[in-house]
Amino acid sequence: MKNKIEEVIKHVEKSDQVSSQNKPLILEKLKEWRNEDNAINDITIRFENWWMEMKPIFDELGWK
């Protein structure tokens, strides 16, 4: 899981699809979740509001 979260972090950092306002908040939360065992559940729930910005990143990663 940590590797997948690290991959998402890298994509978010480079992405033009995520607004500059939301990017620091998303990165902060991802870095917290990187060390949690149940991180994928939290990501699914908490990113629901940010889905439109995150969807292109998950598409790039092949996560549907």
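Student: At what angle do the axes of helix α1 and helix α2 cross?
Tutor: They cross at roughly 165 degrees and come within 10 Å. α1 covers residues 2-14 and α2 covers residues 23-33. Axes are lines fitted to C-alpha atoms, for helices over the stretch in contact, with angles from 0 to 180 degrees between N-to-C directions. A caution: this is a predicted model, where local features need pLDDT of at least 70, side-chain atom pairs count only at pLDDT 80 or more, and totals for chains, interfaces and linings use all residues. Residues are numbered from 1 along each chain as its sequence is written, and side-chain values use heavy atoms, leaving out hydrogens and water.

Student: So how are α1 and α2 oriented to each other?
Tutor: Roughly antiparallel. Angles under 35 degrees count as roughly parallel, over 145 as roughly antiparallel, 65 to 115 as roughly perpendicular and the rest as oblique.

Student: Which residues make that contact?
Tutor: From α1, I5, V8, I9, V12, E13 and K14. From α2, K23, I26, L27, L30, K31 and W33. Contact means heavy atoms within 4.5 Å.

Student: What classes are they?
Tutor: Eight are nonpolar, none polar and four charged. Ala, Val, Leu, Ile, Met, Phe, Trp, Tyr, Cys and Pro count as nonpolar, Asp, Glu, Lys and Arg as charged, and the others, Gly among them, as polar.

Student: Zooming out, how many helices and strands does the protein chain have?
Tutor: Four helices and zero strands. Both are DSSP runs numbered from the N terminus: helices are H or I with at least four residues, strands are E with at least two.

Student: How do the axes of α1 and α4 cross?
Tutor: At roughly 125 degrees, and they come within 10 Å. α4 is residues 51-61. That angle makes α1 oblique to α4.

Student: Which residues meet there?
Tutor: E7, V8, H11 and V12 in α1 meet M54, I57, F58, E60 and L61 in α4. Six are nonpolar, one polar and two charged.

Student: New topic. How many aromatic pairs are there?
Tutor: One. F58 and W63 form a tilted pair, 5.3 Å centre to centre with 35 degrees between the planes. Rings of Phe, Tyr and Trp (its six-membered ring) pair if their centres lie within 6.5 Å; planes under 30 degrees apart are stacked, over 60 edge-to-face, the rest tilted.

Student: Is F58 buried or exposed?
Tutor: Buried, at 6% relative accessible area. W63 is partly exposed, at 22%. Buried means under 20%, exposed over 50%, partly exposed in between (1.4 Å probe, protein chains only).
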